[in-house]
Amino acid sequence: MRILSNTDLLGGPPIGAGRPDCPICGGVGYLRHDVPVSDPKFGRVTPCACVQGILQTQASERLYRFSNMDRLKHMTFESFSPRGRVALRPIEQKSLEQAYNLAHSFAQTRDGWLLLEGGFGCGKTHLAAAIANFSSEHGIPTMFLTAPDLLDWLRASFEGNDDRFSQRFEEIRRVPLLILDDFGTQNATPWAQEKLFQLLDYRYVNKTPTVITTNLRLEEIEGRIRSRLADSEHVNRVRILAPDYRQPVGELGSELSTLDLHKKHTFSSFSLRESENLRVEDIKNLKKAVDFSMRMVKNPTGWLLLEGEHGCGKTHLAAAIANEREQQGFPAFFVVVPDLLDHLRSAFNPASLISYDRSFEDVRSANLLVLDDLGAQNTTPWAREKLFQLLNHRYVAELPTVITTSANLNEIDASIRMRLLDNSVCTIFEITAPPFHGSKPEATATRKVRRAKG
């Protein structure tokens, strides 16, 4: 009788070769199925429960060594701080806690797939390694590899030995738990893309537990793989918004989004300036501006355009909307238009270390975008084109947007103005109050554009 070994299962050296007895119970160890000749199981041998346990333990230990998990053994759920190592904003902390809870639950159930998204140093690898350590401790054969290492390993086995490559590839496809770290950092050659698709498609079809970490956005991933990762019935996704703990400048608190600079701008800190002897009409106007802004918080749909002189309070209210949404756990992106264009110009340079496409997409697809000081930018053809592309995308996609401007709408580029004047999408409110530290209040000329009455 042929002795079934872990070579048949995971490519390791055989145990008990030439020795059919079980070393634990002393029984036969390997059993043939008592079935008719026509049965597919006829002639096959199956290890007893004792031998199966030995094979699984040996396979788990071998994969642990192969994955170099010793270097990650300190990355456990106990050593992970769900509240972060640095002071986090509520939305960042919430995303980190959500990722921790999903990872911990996955380690216990190994149900479906888990996709951890986020920037460098946000905790993705720690959580993935914690899952690997937990599973290995419970005897689950687990393979932990970065995507580049996986492809290097396959390329090395591919050279001159088709059988060796096939064996390795089959081993990865069938491993009970695969953790693929740093997906998207690999060299994306056609061969690499094809092998990754074959691997992940097999595991997707067979619903084999898989964990993937990536710093890419889903829309940046190759289409066939993206469609599988987007399957919400099979894949749990979470994007960690926490900053790099080594260099704590968060994804939403980068040099592009400046919401952190406006933390004091809240609805409770907004003054109606009743002590400044403003006109009654201006005080009523400010109250209505607050009402319109709070409506945007409660129901963030469409666009809100706040017009007015510099210093009248429109930036304060726009930042208050963004801060309130973040307090509720929803990401917001605050950017000054001239700063945005400067950033995009810099990223557009081929020598730039910043991805232009990523920067533009971050702004274009933000859940809530605040564009401060529209009209203050240098109106070059390039600037007008980029602003139109940005605002047209958000207009078509009906993404909530708050815009402030001190310019007359008639002075804004016509292609943008047409979208701002669409009152089915955009509410325009003019703040008539004078600047906080301006001269005596004077009547503000009514602008010849359609707007909410103040």
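Guide: Helix α3 has 20 residues and spans 28 Å from its first C-alpha to its last, close to the 28 Å expected at 1.5 Å a residue. Please keep in mind that this is a predicted model.

Visitor: How many residues does α4 have, and what span is expected for it at 1.5 Å a residue?

Guide: Helix α4 has 14 residues, and its reach of 20 Å from first C-alpha to last is close to the expected 20 Å.

Visitor: What are the angle and the axis distance at which α3 and α4 pack?

Guide: Helix α3, residues 90–109, packs with helix α4, residues 124–137, at an angle of about 20°, and their axes lie 9 Å apart.

Visitor: Why is α3 called roughly parallel to α4?

Guide: Angles under 35 degrees count as roughly parallel; the angle here is about 20°, and therefore α3 is roughly parallel to α4. The crossing of the two helices, α3 and α4, is right-handed.

Visitor: Which residues of α3 and α4 make the contact?

Guide: From α3 the contact takes Ala99, Tyr100, Ala103, Phe106, Ala107 and Gln108, and from α4 it takes Leu127, Ile131, Phe134 and Ser135.

Visitor: How many nonpolar, polar and charged residues does the contact of α3 with α4 have?

Guide: The contact has 8 nonpolar residues, 2 polar ones and no charged ones.

Visitor: What makes α4 "mostly covered"?

Guide: A residue is called buried when its relative accessible area is under 20%, and 11 of the 14 residues of α4 are buried, so the helix is described as mostly covered. Among the buried residues of α4 are Lys124, His126, Leu127, Ile131, Asn133 and Ser135.

Visitor: Which residues of α3 are buried, and what do they pack against?

Guide: In α3 the buried residues include Ile91, Glu92, Leu96, Ala99, Tyr100, Ala103, Phe106 and Ala107. The buried residues of α3 pack against α4 and α10 as well as the strands β3, β5, β6 and β7.

Visitor: How many helices and strands does the protein chain have, and what share of its residues is buried?

Guide: The protein chain has 14 helices and 12 strands, and 48% of its 454 residues count as buried.

How values were computed:
Residues are numbered from 1 along each chain as its sequence is written. This is a predicted model: local features need pLDDT of at least 70, side-chain atom pairs count only at pLDDT 80 or more; totals for chains, interfaces and linings use all residues. Side-chain values use heavy atoms; hydrogens and water are left out. Axes are lines fitted to C-alpha atoms, for helices over the stretch in contact, and angles run from 0 to 180 degrees between N-to-C directions. Helices (H or I, at least four residues) and strands (E, at least two) are DSSP runs, numbered from the N terminus. Angles under 35 degrees count as roughly parallel, over 145 as roughly antiparallel, 65 to 115 as roughly perpendicular and the rest as oblique. A crossing is left-handed if the near helix is turned anticlockwise from the far one by less than a right angle, and right-handed if clockwise. Contact means heavy atoms within 4.5 Å. Ala, Val, Leu, Ile, Met, Phe, Trp, Tyr, Cys and Pro count as nonpolar, Asp, Glu, Lys and Arg as charged, and the others, Gly among them, as polar. The expected span of a helix is 1.5 Å times one less than its number of residues. Buried means under 20% relative accessible area, exposed over 50%, partly exposed in between (1.4 Å probe, protein chains only).
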